[in-house]
Structure formats: C-alpha cells, structure tokens
Amino acid sequence: MHAGRYHLILALAGRPVLHGWWGSEQVARAQFTGLVGRYGQPGARVTLVDEETGTLLTEWPEPG
C-alpha cells in the first residue's frame with residue numbers, strides 16, 4: 001500500500017515512467033499541472049486517479 005490516495009502517472013510512448021502518490025488532492029493536482037508543464041509533448045500522457053474510489057480525476061491530453 002502507498003502512503004497516498006491520489007496516484008499520478010506519467011506515461012511516455014504508452015509506457016509508465018513516473019508514479020507519485022499524495023494524501024492531498026490539492027497537492028496531487030499541483031503536481032499534475034507541473035508534470036504537464038514539463039512533459040506535455042506528443043506521446044506523453046498524464047493521469048490522476050483517486051485510488052480509494054478508482055475514479056479518474058483528470059488526464060492530459062484530454063480525450064478529444
């Protein structure tokens with residue numbers, strides 16, 4: 001089990017390369033924004049999931 005409820009995943013070319021878990025949704029969303037700013041390029045995908053409920057909270061790029 002991880003210390004946080006909110007799971008942030010960065011995938012490049014379909015492969016997960018970075019994971020982070022936070023107990024605060026506000027902190028996790030700030031981290032999400034930072035990852036999009038650093039890695040927001042074609043082939044990148046960033047997702048934020050509430051592991052307690054299994055809910056996808058946000059993703060980049062947004063499904064179009």
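The predicted model contains an open sheet of 4 strands, ordered S2-S1-S3-S4 and paired in antiparallel fashion. Strands are DSSP runs of E with at least two residues, helices are runs of H or I with at least four, and both are numbered from the N terminus. Two strands count as paired if DSSP finds at least two bridges between them. Strand S2 (15–22) and strand S4 (55–60) each have a single partner strand and stand at the edges, so one side of each lacks a neighbour in the sheet. From one strand to the next, the twist averages 20 degrees; axes are lines fitted to C-alpha atoms, for helices over the stretch in contact, with angles from 0 to 180 degrees between N-to-C directions.

This is a predicted model in which local features need pLDDT of at least 70 and side-chain atom pairs count only at pLDDT 80 or more, while totals for chains, interfaces and linings use all residues. Residues are numbered from 1 along each chain as its sequence is written, and side-chain values use heavy atoms, with hydrogens and water left out.

Strand S1 (residues 6–12) runs antiparallel to S2, and 7 bridges join them. Tyr6 has Trp22 in S2 as its bridge partner, and Ala11 stands opposite Pro16 in S2. The hairpin of S1 and S2 has 2 residues between the strands, and Ala13 there takes a positive phi near 55 degrees.

The largest nonpolar core has 9 residues, including Tyr6, Leu8, Phe32 and Val46. Such a core is a set of buried Ala, Val, Leu, Ile, Met, Phe, Trp, Tyr and Cys residues joined through side-chain atoms within 4.5 Å. S1, helix H1 (25–39) and strand S3 (44–50) each give two or more residues to this core, and H1 supplies the largest share, 4 residues.

Two residues are set side by side below. Buried means under 20% relative accessible area and exposed over 50%, with partly exposed in between (1.4 Å probe, protein chains only).

| Residue | Relative accessible area | Class |
|---|---|---|
| Thr47 | 8% | buried |
| Gly40 | 41% | partly exposed |

Thr47 is found in strand S3. Beyond its neighbours within four places in sequence, Thr47 is in contact (heavy atoms within 4.5 Å) with residues including His7, Phe32 and Thr58. Gly40 lies in the loop between H1 and S3. With neighbours within four places in sequence left aside, Gly40 contacts Leu35 and Trp60. Leu35 in turn touches Leu8, Leu10, Leu18, Gly40 and Val46, not counting residues up to four places away in sequence.
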